[in-house]
Amino acid sequence: VPMIGASIILDDMYTLRVYPKNTPVVERYSHNAQFNFTLYAPFPYWSSVTPTSVDLMGINKMFMFPWNSGIDFYFSQVSGSYYVNAYNEGSVPSRWKIELMALSPLTNPKIENVKTGDYVRILKSMTTGERIVIDTTGAELTVKGYLPSGVEYQAFSYLDINSTPFQLDVGDNLIKADCAANRAG
């Protein structure tokens, strides 16, 4: 069926999301009928079946002039901000799909491209185990929510109207995960 997505998995290590361009034409034989079809891959780069990420901590500068030497001071401190480097191995900017999962109750989760300042924010309080999937890889932006029980709901209405569904530039893309309350969640 055209435009119904599927994944091609290679050696249980790499995956590629594809969509058939049209319905295949099948020969009219009782057995050994042959057919062919064309697949459309809007994001034509293989990705790992098991995605990985690394949390990086930011540093806040604290030392500045004038300096009062009579008190304790710190040059910097670790911030509570969480960063991940999304590396785009391709040769063109790409779309992305991200899953936000609440490890504890939190409010208004946000994903921000640190370089451009563009962000996508969900204006909602999430409970422990609740997930929201934001997908920019298809023809339309989709936002779906999943309760801890597994029940799916439409979460597009929670998308902040000022959100900008940015693309990942070629190479390094520093992405910051944040929220209005309980960032560690």
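Strand S15 supplies three residues, the largest share, to the lining of the second largest pocket in this predicted model. Strands, like helices, are DSSP runs numbered from the N terminus (strands E, at least two residues; helices H or I, at least four). The volume of this pocket is about 330 Å³. A pocket is an open set of points on a 1 Å grid over the protein atoms alone, where a 1.4 Å probe fits, with protein on both sides within 12 Å along at least five of seven lines; lining residues have an atom within 4 Å of a point. Points are joined across faces, edges and corners, and the volume is the space filled by probe spheres set on them. Of the 15 lining residues, Tyr19, Asp135, Thr137, Gly138 and Thr142 are the closest to the pocket centre. Two or more lining residues come from each of S14 (131–135) and S15 (142–146). By class, seven are nonpolar, three polar and five charged (nonpolar: Ala, Val, Leu, Ile, Met, Phe, Trp, Tyr, Cys and Pro; charged: Asp, Glu, Lys and Arg; polar: the others, Gly among them).

S14 and S15 also belong to an open, antiparallel sheet of four strands in the order S9-S14-S15-S16. S9 (97–101) and S16 (152–154) are the edge strands; each has a single partner, so one side of each lacks a neighbour in the sheet. Pairing requires at least two DSSP bridges between two strands. Five bridges join S9 and S14 in the antiparallel sense, and Ile98 has Ile134 in S14 as its bridge partner.

Residues are numbered from 1 along each chain as its sequence is written, and side-chain values use heavy atoms, without hydrogens and water. Local features need pLDDT of at least 70 and side-chain atom pairs count only at pLDDT 80 or more, whereas totals for chains, interfaces and linings use all residues.
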